[in-house]
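Trainee: I am new to this structure and would like to know what stands behind the terms used for it. Could we take them in turn?

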Amino acid sequence: MEKTEETALNPSKVAAAAAETTKKESKDAEAQAAHPKRKHRRRNICLAVTAAIILAIVLVVVILAFTVFKAKEPSTTVDSISLQNLRISPDIARMNVDLNITLDVDLTVTNPNKVGFKYKNGSAFLNYRGELVGEVPIPAGKMSSDSTRPMNLTVTVMADRLLSNPQLIPDVASGVLTFSSLIKLSGKVAIFKIFKVSVDTTTTCDITIFVSNSTLGDQNCKYKAKL
C-alpha cells in the first residue's frame with residue numbers, strides 16, 4: 001500500500017505526464033491555428049485566379065474593340081437626284097414668278113462596322129443662294145453590321161422663301177437656277193454595348209437646274225464623316 005502511494009506521488013512521473021499533456025495541447029492548438037491559414041490561403045488563390053480571368057477577358061475585349069471591331073465611319077452617298085416637278089411661269093400683273101420645284105433624291109447609308117449603327121433623326125436641307133428653301137426629315141433608325149440602307153427623299157421648294165430672294169428673277173431670266181443640298185446624319189456605334197462612339201456624316205451637293213428644258217445638270221457631291 002505504501003509502495004502504490006509512493007508511485008502515484010512520484011514527482012518525475014507527474015511532471016512527465018504534465019509535459020505530455022501540454023505537448024498534446026500545443027499540437028492541437030497548432031493544428032487549429034493552421035486550419036484557418038490553409039483556408040485563407042485557398043481563398044486568396046481563388047481570388048487571384050478570378051482576378052486574372054477577369055483581367056484577361058477585359059484585355060481581349062479592349063484588343064478586339066481597337067482592332068477587329070474598331071469603329072469605322074458610316075457614309076451617306078447620293079446615288080441620284082432627279083427633277084420630279086418644275087413649273088415656272090411669270091406673273092406679269094404682280095411682277096413676280098409662280099413656281100413649283102420638287103426634287104427626288106435617292107441615297108444610300110452604309111455601315112461598314114462589325115457592329116450595329118444607331119442614328120438619330122436627321123434632315124436634308126435645300127438652299128438657294130445661302131437661304132434655306134426646302135427641308136425634309138430623315139427618321140431615326142438602326143442598321144445591322146456590314147449593311148446598307150437605301151433611302152428616298154422628296155424635297156419640295158418652299159415657294160414663298162424662294163420668291164422673296166431678289167436674285168430669283170435674274171436667275172430665271174438667265175435660264176439657270178443653282179441650289180445646294182445638305183444631308184446630315186448623327187448616331188452612335190456601340191461596341192460590345194460598352195464602348196459607344198459618336199459618328200456624324202455630312203453630304204453636300206451642288207445642283208443646277210436648266211429652266212428652259214426642265215433638266216438637271218451634273219451634280220457635284222462631297223462627303224464627310226467624323227468619329
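Mentor: We start with Thr 76, which counts as buried because its relative accessibility is 3%, and buried means under 20% relative accessible area, with exposed over 50% and partly exposed in between (1.4 Å probe, protein chains only). This is a predicted model, in which local features need pLDDT of at least 70, side-chain atom pairs count only at pLDDT 80 or more, and totals for chains, interfaces and linings use all residues. Residues are numbered from 1 along each chain as its sequence is written, and side-chain values use heavy atoms, with hydrogens and water left out.

Trainee: Why is Thr 203 called buried?

Mentor: Thr 203 has a relative accessible area of 1%, which is under the 20% limit, so the word buried applies.

Trainee: What makes the link between the side chains of Thr 76 and Thr 201 a polar contact?

Mentor: The distance is 3.2 Å. A polar contact is a pair of N or O atoms within 3.5 Å; within protein, one must be able to donate a hydrogen and the other to accept it, and residues adjacent in sequence count only if both atoms are side-chain atoms. Thr 76 also takes part through its backbone oxygen, which lies 2.7 Å from a polar atom of the side chain of Thr 203.

Trainee: Which residues does Thr 203 contact beyond four places in sequence?

Mentor: They include Thr 76, Val 78, Ser 181 and Tyr 223, where contact means heavy atoms within 4.5 Å.

Trainee: What makes a space a cavity or a pocket?

Mentor: On a 1 Å grid over the protein atoms alone, a cavity is a set of points where a 1.4 Å probe fits but cannot get out. A pocket is an open set with protein on both sides within 12 Å along at least five of seven lines, and lining residues have an atom within 4 Å of a point. The search finds 1 cavity of 30 Å³ or more, and the largest cavity holds about 90 Å³. Among the residues lining this cavity are Val 78, Phe 125, Ser 181 and Ile 183.

Trainee: How many of the residues lining the largest cavity are nonpolar, polar or charged?

Mentor: That lining has 11 nonpolar, 1 polar and no charged residues. Ala, Val, Leu, Ile, Met, Phe, Trp, Tyr, Cys and Pro count as nonpolar, Asp, Glu, Lys and Arg as charged, and the others, Gly among them, as polar.

Trainee: What lines the largest pocket?

Mentor: It has 13 lining residues, with Lys 118, Tyr 119, Gly 187, Lys 188 and Lys 196 nearest its centre. By class they are 4 nonpolar, 5 polar and 4 charged.

Note on methods: Points joined across faces, edges and corners; volume = space filled by probe spheres on them.
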